[in-house]
Amino acid sequence: MTERQPHQFERGTDGPKVIVAGLDGSDSSMRAAAYAAGLARRQGAVLALVYVQPVLSAGAALGAPVADTTGEVAQGLVDEIREATHRVKDTWDVRWEFHTFRGDPYNGLVSAADELKADAVVVGASESAGHRFIGSVAVRLVKAGRWPVTVVP
């Protein structure tokens with residue numbers, strides 16, 4: 001029979017290293033990003049802010065510069081994040097990155113979390129009434145069971 005060795009605590013090695021926050025410009029996604037920033041700061045983790053650019057079918061995109069529009073949304077989000085981090089730089093500092101992925105929000109966030117080796121995912125609660133019936137991105141991420149998921153109202 002082997003004798004159990006006492007467990008030694010490893011300071012600084014526990015906790016998430018990469019926290020992914022889904023961002024689409026909605027109020028709930030901005031609150032989720034702020035919450036994730038606080039988690040990242042306290043844990044010393046990298047905050048990976050992810051915007052998923054929608055891909056529309058060719059029929060829906062006829063006559064509309066979809067790629068340009070979603071690119072402008074992404075650039076607007078980056079500008080807003082940079083401004084916010086500049087305002088609080090003397091109070092606290094967070095290491096953050098901004099990533100864009102293409103696709104539907106659920107698959108885009110799954111791809112982002114896999115590619116960035118996320119330890120946790122933070123998203124805003126859906127603001128759409130229709131999601132009560134068909135399931136929101138947040139619910140689908142929780143059901144996937146691949147990462148701890150925090151849903152911010």
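Reader: Hello! At what relative accessibility does Leu39 count as partly exposed?
Author: Residues are sorted by relative accessible area: buried means under 20%, exposed over 50% and partly exposed in between (1.4 Å probe, protein chains only). Leu39 falls in the partly exposed class because its relative accessibility is 21%.

Reader: What kind of model is this?
Author: Residues are numbered from 1 along each chain as its sequence is written, and side-chain values use heavy atoms, with hydrogens and water left out. Local features need pLDDT of at least 70, side-chain atom pairs count only at pLDDT 80 or more, and totals for chains, interfaces and linings use all residues; the model itself is predicted.

Reader: How many helices and strands are there in the protein, and in what order do the elements run?
Author: Helices (H or I, at least four residues) and strands (E, at least two) are DSSP runs, numbered from the N terminus. The protein has 6 helices and 5 strands. Read from the N terminus on, the order of its elements is β-α-β-α-α-β-α-β-α-α-β.

Reader: Of the contacts between residues at least 6 apart in sequence, what share joins residues at least 24 apart?
Author: A contact means heavy atoms within 4.5 Å. Among contacts in the protein between residues at least 6 apart in sequence, the share joining residues at least 24 apart is 77%.

Reader: What percentage of the residues count as buried?
Author: The accessible surface of the protein is about 9900 Å², and 52% of that belongs to carbon and sulfur atoms. Such areas come from the Shrake-Rupley method with a 1.4 Å probe; for residues, only the protein chains shown count as cover. Out of 153 residues in the protein, the buried part is 35%.

Reader: Back to Leu39: which residues is it in contact with, leaving aside neighbours within four places in sequence?
Author: Leu39 sits in helix 1, which covers residues 27-43. Its C-alpha atom is 9.5 Å from that of Val94, 55 residues away along the chain. With neighbours within four places in sequence set aside, the contacts of Leu39 are Ile19 and Val122.

Reader: Is Arg42 buried or exposed?
Author: Arg42 also has its place in helix 1. Its C-alpha atom is separated by 9.1 Å from that of Val94, 52 residues apart along the chain. With a relative accessible area of 52%, Arg42 is exposed.

Reader: How are helix 4 and helix 6 oriented to each other?
Author: Helix 4 (residues 105-115) and helix 6 (residues 137-144) pack with axes 9 Å apart and at an angle of about 45°. Axes are lines fitted to C-alpha atoms, for helices over the stretch in contact, and angles run from 0 to 180 degrees between N-to-C directions. Under 35 degrees counts as roughly parallel, over 145 as roughly antiparallel, 65 to 115 as roughly perpendicular and the rest as oblique. Helix 4 is therefore, relative to helix 6, oblique.

Reader: Which residues make the contact of these two helices?
Author: From helix 4 come Pro105, Tyr106, Leu109 and Val110. Helix 6 brings in Val137, Arg140, Leu141 and Ala144.

Reader: Which residues does Val137 touch, beyond neighbours within four places in sequence?
Author: Val137 belongs to helix 6 and is partly exposed, at 22% relative accessible area. From Ser126, 11 residues apart in sequence, it is 7.5 Å apart in space, C-alpha to C-alpha. Leaving aside neighbours within four places in sequence, Val137 is in contact with Pro105, Tyr106 and Leu109.

Reader: What phi does Lys117 have?
Author: Lys117 is in the loop between helix 4 and strand 4 (120-124), and its relative accessible area of 64% makes it exposed. Most residues other than glycine have a negative phi. Although Lys117 is not a glycine, its phi is positive, about 55°.
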